[in-house]
Amino acid sequence: MHYSYDALLGAAAELEQYSGYLDGEELKQSQQAQAAFTSIRNRFVYDALATGDDAEEVKGRVTQDLETLVAEHPDWEGPALVVRDELLMRIDEESGKNPTWRKVVRYAPIALGVALVVAYFGTKFYNDIDMSPPPNTPEAYVARAQALEKTLRYDDWASTRTRRGGAVKSILLWPISPSDAEVLGAQEIAGFAFEAEGFLKEQGLPCSFTSMGTDEELSDGELAYLGGFAERLQSESLEWDDEPQYTMLTEAADQLGCPALGGEMPESADAEAPDSPGQS
């Protein structure tokens, strides 16, 4: 062997463990494994080229070494081929650079990679919504409104803004993906919004009611209504009534362009006021 490949092969073998669907913790581990592999690969190439040897000679040695390794140890074929391809690609990239400049930028990609990983997971943690406020309180409804807004934003990005690359898309969108608790909260507040619309419609009020979408997809009008309703509930200037559901009903009515409801819940012999989110 012309070079030592132990660290590279070990890092490549670890990378092979991460494939298919990855949960949050597994995704974090795969990012760390990729960063470790990239660091070892770059150091290997830098050291090999630092001797002043011709790049083609270095590539020839790498290819010969790894093909010999595979012949002697077939079980290592997967990691060995990954290492070979990565090294040949990196040697081509680095061999044309000025040696001094190569040394300067040697650590930059890893530093950037670490920064991106930190920002990536920092975004996820920053985006998590506290769904623990007590039920039937303004704080609980604001949290659910935030969850609804987050869920609508995620659905918009996942279904319309990013059309290709399922696995890559899932990875890129993971920092803004809602948790199970957030999805449940979003469903609860959206359910109230639609119940409120039905309630107001049954009162015969002249409102700009939304057009219904399909069973699988909300209409543009419904999306706009839910987004506006969620935004209203999060407004710092909103004054909550002692009965928070009444405040939400008046905000739903205002979002739909209904006449002011006044100080009391409208009554109808044929209609019941919408349940509060989470209420059976």
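Biologist: What does the secondary structure of the protein chain come to?

Modeller: The model is a predicted one. The protein chain has eleven helices and zero strands. Along the sequence the pattern reads α-α-α-α-α-α-α-α-α-α-α.

Biologist: And how many of the 280 residues are buried, as a percentage?

Modeller: Buried residues make up 38% of the 280 residues in the protein chain.

Biologist: What share of the contacts with a separation of 6 or more comes from residues 24 or more positions apart?

Modeller: In the protein chain that share is 72%.

Biologist: OK, the cores. Which residues have the most contacts inside the largest nonpolar core?

Modeller: They are Leu148, Ile189, Leu200, Phe229, Leu233 and Met248, in a core of 31 residues. At least two residues of this core come from each of helix H7 (138–161), helix H9 (180–202), helix H10 (220–233) and helix H11 (244–255).

Biologist: Which helix gives the largest share of this core?

Modeller: H9 does, with eight residues. There is also a second, separate core of 25 residues, and Tyr3, Leu8, Ala48 and Val58 are among them.

Biologist: Back to Phe229. Where is phenylalanine 229 placed, and is it buried or exposed?

Modeller: Phenylalanine 229 sits in helix H10. Phenylalanine 229 is buried, and its relative accessible area is 0%.

Biologist: What is phenylalanine 229 in contact with, leaving aside neighbours within four places in sequence?

Modeller: Its contacts are Ile189, Phe192, Ala193, Met248, Glu251, Ala252 and Gln255. As for C-alpha distances, phenylalanine 229 is 9.3 Å from glutamate 149, while the two are 80 residues apart in sequence.

Biologist: And what does leucine 233 touch?

Modeller: If residues up to four places away in sequence are not counted, leucine 233 touches Tyr141, Val142, Ala145, Ile189, Leu238, Trp240, Met248 and Glu251.

Biologist: Now the packing. At what angle do H10 and H11 cross?

Modeller: At roughly 135 degrees, with axes that come within 9 Å. H10 and H11 are therefore oblique to each other. Their crossing is right-handed.

Biologist: Which residues make that contact?

Modeller: H10 brings Ala224, Tyr225, Gly228, Phe229, Arg232 and Leu233, and H11 brings Met248, Glu251, Ala252, Asp254 and Gln255. By class, the contact of H10 with H11 has six nonpolar, two polar and three charged residues.

Biologist: How far apart are the axes of H9 and H11, and what is the angle?

Modeller: The axes are 10 Å apart, and the helices pack at about 65 degrees. That makes H9 roughly perpendicular to H11. The crossing of H9 and H11 is right-handed.

Biologist: Who is in contact there?

Modeller: From H9 there are Ile189, Phe192, Ala196, Phe199 and Leu200, and from H11 there are Gln245, Met248, Leu249, Ala252 and Ala253. The residues of this contact divide into nine nonpolar, one polar and no charged.

Biologist: Changing topic: how do the axes of H1 and H2 cross?

Modeller: Helix H1 (residues 6–15) and helix H2 (residues 24–50) cross at roughly 155 degrees, and their axes come within 9 Å. H1 and H2 are therefore roughly antiparallel to each other. H1 passes H2 in a left-handed crossing.

Biologist: What residues make the contact, and how do they divide?

Modeller: Ala7, Leu8, Ala11, Ala12, Glu14 and Leu15 of H1 meet Ser30, Ala33, Gln34, Phe37, Ile40, Arg41 and Phe44 of H2. They divide into nine nonpolar, two polar and two charged.

Conventions
Residues are numbered from 1 along each chain as its sequence is written. This is a predicted model: local features need pLDDT of at least 70, side-chain atom pairs count only at pLDDT 80 or more; totals for chains, interfaces and linings use all residues. Side-chain values use heavy atoms; hydrogens and water are left out. A nonpolar core is a set of buried Ala, Val, Leu, Ile, Met, Phe, Trp, Tyr and Cys residues joined through side-chain atoms within 4.5 Å. Buried means under 20% relative accessible area, exposed over 50%, partly exposed in between (1.4 Å probe, protein chains only). Helices (H or I, at least four residues) and strands (E, at least two) are DSSP runs, numbered from the N terminus. Contact means heavy atoms within 4.5 Å. Axes are lines fitted to C-alpha atoms, for helices over the stretch in contact, and angles run from 0 to 180 degrees between N-to-C directions. Angles under 35 degrees count as roughly parallel, over 145 as roughly antiparallel, 65 to 115 as roughly perpendicular and the rest as oblique. A crossing is left-handed if the near helix is turned anticlockwise from the far one by less than a right angle, and right-handed if clockwise. Ala, Val, Leu, Ile, Met, Phe, Trp, Tyr, Cys and Pro count as nonpolar, Asp, Glu, Lys and Arg as charged, and the others, Gly among them, as polar.
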